[in-house]
Amino acid sequence: MSQKAIDLSIEFCGVKFNNPFLLSSSPVSNSAEMVEKAYEAGWSGVMFKTLNSDRIPIIHPSPRMNSFHYGNKRLVGLQNVEQISDRPLKDNLLDFLYLKKKYPDRVLISSIMGFSNDEWEYLAKVSEDNGADMLELNFSCPHMAVEGTGHHVGKAFDLIEKFTATAKKAVSIPIIAKMTPNITDMTEPAIYAKRGGADAISAINTVSGISEIGLDDLVPKPNIFGIGAVSGTSGPAIKPIGLHFIADMAKCQELNLPLSGIGGIETWIDALEYILLGSSTIQVTTGIIHHGYRIVEDMIEGLTDFMREKGIDKVEDLVGKALNNLVTTDHFNLERQGIAQYDEDRCVGCGQCVIVCDDAGGQALEWDSNKRIPKLNENKCLSCMICSFVCPVNDLITFKEMESGWQRQETAVMEPTIASELKFSPYHTKE
Amino acid sequence: MSLADKFNKMKRGFDFGQALEEADRCLLCLDPPCSKGCPADTDPGTFIRKLRFKNITGAIRTIKENNILGGACGILCPVDRLCEKECSAQFKSKSTPDGSAQAIQIGKIQRFLVEHAWERDFKVFSQPDSINQKVAVVGSGPGGLSCAAELAKVGIQVTVFEAKPEPGGVLRYGVNSFRFENEFLEKELGEIKSLGVQFKCNTKIENRAAAENLLKEGYSAVFLAPGLWQSAQLNAKQSAIKGLFGSVDYLSALRDGRLEAMGQQVKGKSVAVIGGGAVAMDCITSALKLGAEDVYLIYRRSFVQMPAEREERLESLEEGAHFLLLNQPVDYLTDGNNQLIGVKLLHTKLGKPDESGRRRPVNIEGSEWELDIDIVVEAIGNQAEQESKEWYPNVETSENNLIKINPETGETSVPGIFAGGDIVRGPALVVNAVQDGKIAARSIQKYLAK
């Protein structure tokens, strides 16, 4: 049986992408030499490393990055003090020409950051003139120290509107505004960008963070010759933050713009989650810093097979598909309750479930130290499910709904006999 | 590479990253089976947890407070029969009874932590204020060292008497230096010395009642841990045969200055080692390193019944040893000069299990065959020196000269005299002797308090 061909292409701001997977503007998109390799690996487009107008020379701090490990797991987060491109503008533009000539079917997006209205206009124009298919306005780089640049703009909403409008006037190609996550509500600056004429929003840039402090010299890392700084955290650890901002913007009817999702994407599943919450394209840097451009092969194959299995023809049909299931917590049906259930035959006897249930759950587990096996008192199980998170055996502990009318046992008080000493009367509203 | 270079260094252990990675694999069990599996209560469950939560100094402290020879045990323990045996990380369950993953490499983590302490010069103990009580320890092997350290920690003045030129007992003279090197031993001994323990080497307590007399010479108590320094022999008449060694003499020769001489004797020759335990493995691997042309292991049962650790067995095969399993040596063949030229063997088959639970080898009559051999090392067990009973005539012993004790306390039949290690148990593990030393030290403190 021949398999149905799956087309991963998607239109974003009227531009066709062969697949939704792009490089974000970062060290991984620093030159045509690098981007060419990315294209060959299968990435459909690139947000080229943010252009500088040469007005102020860019010199990178050294060292530039620090890793955030968790146990055996390398790089669950990455800390960087990267600046915008330190190459001469002319060199970057020459690379634009090369890439567009050799890869006309790939999308070249020019990321720009100006220090003034003039400069935004200049960079927008020169990008379009040299083949950029779109612009991404970098309102979010967390390391630019000058007021009126980078994330300082992203937090001053009127500047977002003003600079977007300037760029919009200068060019005819679509414009994406890139948001900083270092605010509480992203829909607000996104709407300012829309008013300025943005055609799409990309999010998130890196999350302001501190990954590690050297214990011998007391210097936050990366240690730039004796000092450190709050800087951008990226990688798998920030995926939940990125997904939340994308979903907020996707649900915002006033905004109603196409979205490009960024933040901790490494696999097709991460990418799909961003798509299901409203992204039409997704962008990757830290995943590439960790594993190289090759990861796109697995993103393409994984998403293709998923769509084939689910009978979905177009990526577009997946965009925002999970949004209807995303509600606020007050919508939950609290009548339906369940518990954890155990497949005891697969238990390896480590007892971690008992430790966490005792210290963080409902004290619902008893330990049979001879058989080295936990025994669940169903009536005390809170269904927090933390036992299943620490269990080393996959799916040994699963959630099971209890029949309607089942009641969880209340948490007992330690010493009912001292109730006479209680100073207490039930709370009544004063109205 | 000179012989000394080949013999002097052990394989490197885990580095910091590998140890952390291995600790990260640990399931941090409730009620950890590894801790239950350690005869000396070294408590791997706790020190691995400490390492996992980056409490590295605390992890070192746990090891050293529980087991002053934690480094030696980390290297020499047959961990697959002890702490690692029931490790949950093997993922044994009713549905996967054999386990689908490796046990945490506890011995290697333990060794790393001990070495790491030396590297960063972290000291668990400081020398306590001395109290006016003196205890004598006879033998500086694992049992003696453990007892001495335990007593010294509370300020008791301990003198360890050692017959050989250097302290360490089997840790120095009973194991290959490439399996447990001098440099490592010296560092671990250094910690014990820094507690104030005094060593008197080249001082054998060998005259009649000499051990008992220590009580009259200002020592309030005595701990006997002289070990077993006589090789068991296949038959008693054979001793004059040239080319025939007991494992005790053979292994100590490699460490007491006779290495080169041994090399000349073994190089290019055909060597057979009789036995299937850890000592036999040590004899095989060293014979290979000495340049023997062929090294045979002769063992009367089969591969799985061998007491040596699986890893050691496989390693010696990999290194080129020939295992002659199911073979019982029955006689040695010599030339006119009483020089060994061969060994006469009988094939065996396995019968019903014996008291050890292993299937008993049964000789197959008429299956006799001969193997040309230049050198034989008998590694069939160590026993107490013939005259050892003389040193402590009032201390009750068994017929094979092992000392009888109350296993709960280490007390012998003579008040004030305690004993432990191989002289009590027969051939046993370093870690067992460590525990004996600890138990006796506790009893000695109680005894001194009376």
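This is a predicted model: local features need pLDDT of at least 70, side-chain atom pairs count only at pLDDT 80 or more; totals for chains, interfaces and linings use all residues.
Residues are numbered from 1 along each chain as its sequence is written, chains are lettered from A and ligands numbered from 1 in the order in which they are written, and side-chain values use heavy atoms, with hydrogens and water left out.

**View 1. Chain B meets chain A.** Here 18 residues of chain B are in contact with 17 residues of chain A, where contact means heavy atoms within 4.5 Å. The size of an interface is often given as the accessible area lost when the parts come together. Between chain B and chain A the buried area is about 1400 Å², with 52% of it given by carbon and sulfur atoms; this is the accessible area (1.4 Å probe) that two parts lose on being put together, summed over both. Look for B:L27, B:L30 and B:F91: together they supply 37% of the area that chain B buries against chain A, more than any other three residues.

View 2. Side chains of opposite charge can pair when their charged atoms come close. A salt bridge is a side-chain nitrogen of Lys or Arg within 4 Å of a carboxyl oxygen of Asp or Glu. Between chain B and chain A there are 2 salt bridges. The side chains of A:R372 and B:D31 meet in a salt bridge, at 3.8 Å from N to O.

On the side of chain B that touches chain A, the elements giving two or more residues are α2 (16-25) and α3 (33-37) of chain B. The largest share, 4 residues, comes from α2(B). Helices (H or I, at least four residues) and strands (E, at least two) are DSSP runs, numbered from the N terminus.

**View 3. A salt bridge between two buried residues of chain B.** B:K64 forms a salt bridge with B:E191, and their closest N and O atoms are 2.5 Å apart. The pair links distant parts of the chain, with B:K64 in helix α5 (residues 56-66) and B:E191 in helix α10 (residues 182-193), 127 residues apart. B:K64 is buried at 2% relative accessible area, and B:E191 is buried at 17%. Buried means under 20% relative accessible area, exposed over 50%, and partly exposed in between (1.4 Å probe, protein chains only).

**View 4. B:D436 and B:R425 pair up.** The side chains of B:D436 and B:R425 meet in a salt bridge, at 2.7 Å from N to O. B:D436 belongs to helix α18 (residues 430-449) of chain B and B:R425 to helix α17 (residues 422-425). B:D436 is buried, with a relative accessible area of 10%, whereas B:R425 is partly exposed at 39%.

**View 5. Salt bridges within chain A.** A:D343 and A:R346 meet through their side chains in a salt bridge, at 3.9 Å from N to O. A:D343 is partly exposed at 32% relative accessible area, and A:R346 is partly exposed at 27%. Elsewhere, A:K49, A:R64, A:E82 and A:D86 are linked in a network of salt bridges.
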